[in-house]
Amino acid sequence: FLAFGGEEMGLWGAKAYVKKLKNEDESLKRNKDFERDGLKSKLDCTRFLVNLDMMGQLYGKSNAITLGHADIAASARLLANELRYALAVEENSVYSSDNMAFNYAGVPSISFNRIGFESSGGHTSADTIDNCCAEGLAHIGGIVEAWMDRYVMSPHVFPFPRELPEAATDAVKKWFKEKNPLDYEAFTPQKRYRPKAKKGKK
């Protein structure tokens, strides 16, 4: 389980974590024997992300947003129908949350959220723990737990491939405005990407 901070400032926590994995991956794979010997980096072993965002409101709409193989969205629809749970499923849809840093690195995801019928002051100073309640967490938490149990905890073989369709990959890059989201320094309230090298100069 990972809890990320700085999401509203620009996914800082998730970006920092994925950047660390990416740097370790590149460092290990400079040694040609690493992959030749069948070894894998921590990034290689990060097969999937379950992102939980905005979970605690009692009255609202529950959603599952996927980026990856079509079977991910199909699994959410199937389980929701079996449990007679109202879950809106969006397949290969860009979702502005911590999952995006992982998606950029090629890791598929499913994001669960629950949007309230009334504004809870999201992304403002009014967005506090008081907007959550045990009943609201249990409402969507039940189907998240059931989905995790069936598709993550119980299978002998993980059912979803570690891949993103080309259209999803393009959508993620477009969301980041074609910039590498891992190539920045978060030392002020503003994201500062490294300046591009000018042509003709090293």
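Trainee: Why does D44 count as partly exposed?

Mentor: Its relative accessibility is 23%. Buried means under 20% relative accessible area, exposed means over 50%, and partly exposed is what falls in between (1.4 Å probe, protein chains only). So D44, at 23%, counts as partly exposed. K29 gets that label too, at 26%.

Trainee: What should I know about the model itself?

Mentor: It's a predicted model, where local features need pLDDT of at least 70 and side-chain atom pairs count only at pLDDT 80 or more, while totals for chains, interfaces and linings use all residues. Residues are numbered from 1 along each chain as its sequence is written, and side-chain values use heavy atoms, with hydrogens and water left out.

Trainee: What makes K29 and D44 a salt bridge?

Mentor: The rule asks for a side-chain nitrogen of Lys or Arg within 4 Å of a carboxyl oxygen of Asp or Glu. The closest N and O atoms of K29 and D44 are 3.0 Å apart, so the pair meets the rule. K29 is in the loop between helix 2 and helix 3 (32–36) and D44 is in helix 4 (residues 42–45), so the pair ties together parts 15 residues apart in sequence.

Trainee: How many salt bridges does that rule give?

Mentor: Four. Among them is R77 with E91, at 3.5 Å from N to O. This pair links distant parts of the chain, with R77 in helix 5 and E91 in the loop between strand 3 and helix 6 (99–104). Another is R150 with E82, whose closest N and O atoms are 2.7 Å apart. Here R150 sits in helix 7 and E82 in helix 5, 68 residues apart. Salt bridges with shared partners also join D25, K29 and D44 into one network.

Trainee: What makes a stretch a helix or a strand?

Mentor: They're DSSP runs numbered from the N terminus: H or I with at least four residues for helices, E with at least two for strands.

Trainee: How do you know that the span of helix 2 fits its number of residues?

Mentor: The expected span is 1.5 Å times one less than the number of residues. For the 17 residues of helix 2 (residues 12–28) that should be 24 Å, and the end C-alpha atoms are 24 Å apart, which agrees.

Trainee: Which residues of helix 7 are buried, and what do they pack against?

Mentor: G136, I140, I143, V144, W147 and Y151 are buried. They pack against strand 1, strand 2, helix 5 (70–83), strand 3 and strand 4, where contact means heavy atoms within 4.5 Å.

Trainee: Why do strand 1 and strand 3 count as edges of the sheet?

Mentor: Two strands pair if DSSP finds at least two bridges between them. The four strands form an open sheet in the order 1-4-2-3, with mixed pairing. Strand 1 (49–53) and strand 3 (87–90) each have a single partner strand, so one side of each is left without a neighbour in the sheet.

Trainee: How do you know that strand 1 pairs with strand 4?

Mentor: Five bridges join strand 1 to strand 4 (residues 109–116), and the rule needs at least two, so they pair. These two strands run parallel. As an example, V50 has I110 in strand 4 as its bridge partner.
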